[in-house]
Amino acid sequence: MKIKKNHAIILFLLFIFLGFIYINHKNFSKDRTIVRLKGVSVNEPIEDFSLASKSVFLWADPVLYITDREGNIVKKIQREDENIEAFFANNYAFLYEKDLGKVHMYSEMGELLSTIDIKGDIFNISYENANIIFHVVDEKNEILYLMGNDSSLTEIYRTGNQILAHDVLDEKNLSVAEIKNETTGYSSLIYNLNKGEKTSQALNHEVVMYLKRDKRSVLALTDKTIYRFMNSGKKYEDRVPNISDILVEGKKTYLLHSGIITEYNYILKPGKKKIIAANVNKMENISGSIYVYGPSDVGGEIGNSGEFYTRLGYSLDKIKINGLLIGALRNGDLSLYSVVNTNTIREDDNKIETTYKEV
């Protein structure tokens, strides 16, 4: 009798639990949507912006504005030099005074971290594998510098050709692609440095757009083909037309091409394919899900049951996504949006329509 009584109690508790799940199933939903936070306006047209983890950088030449993640201005930075360019990398902003050959590095909250002297013109500043890389061009060469913890610059690569892409782990482990023009045509040269040992690959009549290293190989994407060159000498490849973007997540690689996302395994065998119902050309991983965006549209939760598409505006100059924050720049004005769970939406939230489908 005692055993039957225990079974009855267990069944009763299970019934209550299932009832709770049914009543509150919407609260467990992973469905997401987009809400508009605010439009950010300053005294000058906004030329560029970047989303940091705790703030937003706005470049309105010659002023760098910093806002919080809700778009409220918290700091304004202006240098005296008139010829200034702004670069953004990870959670840092760099103001480059070209006439003086100086770069001022700021934290995401606007603190001046260092001032660096530069010889040559800065082409780009990037963040790779917890490294800050300066791509500098002088009259004869293109040079890559690795910035140290003390803000000193160490030259790690120099070439007389144009550098197309690079991925740097440290000064003795890096990959660089450059393009070489000859009478027979152009070719991309990929140089790999593994513990100081240099190897190379030549790809005739292809332009390298992306490189990604790991301990065993280097992944290279060109305008025609995706390759994986193993340190052992083995090569894997797949030819892909109309490539727009690449997203690498561990051993999986995703290619956006011709309005389709194709998933590849480590040896570049294509697997799942997903048709994208919007005009997009970029991909991001947001909380474990793939999001896509383009000149006007954003698509979220791609391949999941809560997949959605929305149009933020027409002919946007730039869209960026960082975490659940989206920035959209058009005609000098910046709008900020947030990706939220549908069950957290309030009636007064400025929800963006997410039923748009490309036709």
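Modeller: What follows goes from the pockets to the strands and then to the loops.

This is a predicted model, in which local features need pLDDT of at least 70, side-chain atom pairs count only at pLDDT 80 or more, and totals for chains, interfaces and linings use all residues. Residues are numbered from 1 along each chain as its sequence is written, and side-chain values use heavy atoms, with hydrogens and water left out.

Rolling a probe the size of a water molecule over the atoms shows where empty space is left. A pocket is found on a 1 Å grid over the protein atoms alone: it is an open set of points where a 1.4 Å probe fits, with protein on both sides within 12 Å along at least five of seven lines. Lining residues have an atom within 4 Å of a point. A volume is the space filled by probe spheres set on the points, which are joined across faces, edges and corners.

The largest pocket has a volume of about 1,600 Å³. Its lining has 46 residues, and those nearest the centre are S126, Y127, K282, E284 and K320. By type, the lining has 23 nonpolar, 13 polar and 10 charged residues; here Ala, Val, Leu, Ile, Met, Phe, Trp, Tyr, Cys and Pro count as nonpolar, Asp, Glu, Lys and Arg as charged, and the others, Gly among them, as polar. Strands are DSSP runs of E with at least two residues, numbered from the N terminus. Those that each supply at least two residues of this lining include β2 (48–51), β14 (162–170) and β30 (318–322). The most comes from β10, with six residues.

The second largest pocket holds about 270 Å³ of space. Of its 14 lining residues, Y254, E263, I290, I302 and G303 lie nearest the centre. The lining divides into four nonpolar, five polar and five charged residues. At least two residues each come from β23 (252–257), β24 (260–264), β25 (270–275) and β27 (289–293).

Some of these strands also belong to an open sheet of four, in the order β22-β23-β24-β25, with antiparallel pairing. Its edge strands, β22 and β25, each pair on one side only. Two strands pair if DSSP finds at least two bridges between them. Within the sheet, β23 and β24 are joined by five bridges, and L256 stands opposite I261 in β24.

Another antiparallel pair is β8 (residues 102–106) and β9 (residues 112–117), joined by five bridges. The two form a hairpin with five residues between them, and G110 in the turn has a positive phi of about 95 degrees. H104 lies in β8 and stands opposite T115 in β9. The side chains of H104 and T115 make a polar contact at 3.0 Å, a term for a pair of N or O atoms within 3.5 Å, where within protein one must be able to donate a hydrogen and the other to accept it, and residues adjacent in sequence count only if both atoms are side-chain atoms. H104 counts as buried because its relative accessibility is 4%; buried means under 20% relative accessible area, exposed over 50% and partly exposed in between, with a 1.4 Å probe and protein chains only.

Most residues other than glycine have a negative phi, and most peptide bonds are trans. A130 has a positive phi near 70 degrees; this residue is in the loop between β10 and β11 (131–137) and is exposed at 59% relative accessibility. A cis peptide bond joins D61 and P62, with omega about 10 degrees, and P62 is in the loop between β3 (55–60) and β4 (63–68).
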